[in-house]
Amino acid sequence: MGRYDNASYVSATLEFRCNLRCVHCMIEGTMDRLQPVSDEAFDHVLRRNEETRQYSGLIMTGSEITLRRDLPDLARRARAAGFEHIRIQTHGMHLSRAGYAEQLIEAGVNEFFVSVAGSDAATHDGITTIKGSFDKMLRGMEIVSSFPGTSIITNTVVTERSYRLLPDVVDALQGIEALSQMEFWHYFPMSRTDDKLLLADYRLIVPYLRQACERADARGIAVEIKNVPQCLLGPDDWRLDNGQAALLIDPDFWIEFDKNGFYRCPHRERCASKACLGLTEAYIARFGDMAADLAPYV
């Protein structure tokens, strides 16, 4: 389990533009028509939380939230509304701009959820398709780390292209002092088929996940694993956490999300896991239902 209580956060999707073109992007086909949370809806979240203190944390997210020029103002308003933890979900490139990270931190942002696609410039930039994105992301995290009271969480999407890199991703970030948690999300296409052939076989990725966890543990970094069958994780099964913060997003997003067809596991009826999402339809189409490899979790 991770260090952050998802139930104490609310997440608002405030931007759908992005200046990366990651090969594993789940919403690339819908970005042009999905709409950010309106200013009125965001104001309502702030007012309600100021009155009730229901949430201690706010996550401002999107395809790339730092493309919003008013992001510091949004953070200041959130701080004034009583949110103790203000997190942005970002590819991290813009944090390397002179003074930008400092501006966000002064406005109240104290948590940075940064996407790390690969373990070096070649692999990361190959997945984001933007040259220089790794170096800017890494520099941005170094700058954030120089400010007391900040914390960094990283997210790495586990695909056929990235699963062998996971232990090296941990090593690549060993100079990031503010790094408190790493998350590894097994990729799922927003589709019933894996047209890009990015899905990675669970049986192949688990040894690399285990190595990554061992290296993170040695540095005192928490690890969360998402969308991997719990019964396959062995001694790392306790790290599975598919929980998410309450999410404000365009309702059309869920129409696309439901195309995944989660919970397709041959042992679901007898499984005691409360965290596992089973298999998706796209995964079964590629690798079968893995009935002989999976087992009811007890």
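How many positive and how many negative side chains does the protein chain have, and how far apart do the centres of the two sets lie? In this predicted model, the protein chain has 33 positive and 42 negative side chains, and 1 Å separates the centres of the two sets.

View 1. Along its principal axes the C-alpha trace spans about 55 × 40 × 35 Å, and 54% of the 298 residues count as buried.

**View 2. The aromatic pair of F188 and F257.** The structure holds nine aromatic pairs, and the one formed by F188 and F257 is edge-to-face, with 5.9 Å from centre to centre and 90° between the planes. Because F188 lies in the loop between β6 (179-186) and α7 (202-218) while F257 belongs to helix α8 (residues 252-257), the pair ties together parts that are 69 residues apart in sequence. F188 is buried, with a relative accessible area of 8%, whereas F257 is partly exposed at 23%. Ring pairs link F188 and F257 into a cluster with F253, W254 and F262.

**View 3. The aromatic pair of Y283 and F287.** This pair is tilted, with 4.8 Å from centre to centre and 45° between the planes. Y283 and F287 are four residues apart in helix α9 (residues 281-287), and so are separated by about one helical turn. Y283 is buried, with a relative accessible area of 1%, whereas F287 is partly exposed, with a relative accessible area of 21%.

Definitions and conventions: Residues are numbered from 1 along each chain as its sequence is written. This is a predicted model: local features need pLDDT of at least 70, side-chain atom pairs count only at pLDDT 80 or more; totals for chains, interfaces and linings use all residues. Side-chain values use heavy atoms; hydrogens and water are left out. Buried means under 20% relative accessible area, exposed over 50%, partly exposed in between (1.4 Å probe, protein chains only). Lys and Arg count as positive and Asp and Glu as negative; His and the chain ends are not counted. The place of a charge is taken as NZ of Lys, CZ of Arg, CG of Asp or CD of Glu. Rings of Phe, Tyr and Trp (its six-membered ring) pair if their centres lie within 6.5 Å; planes under 30 degrees apart count as stacked, over 60 as edge-to-face and the rest as tilted. Helices (H or I, at least four residues) and strands (E, at least two) are DSSP runs, numbered from the N terminus.
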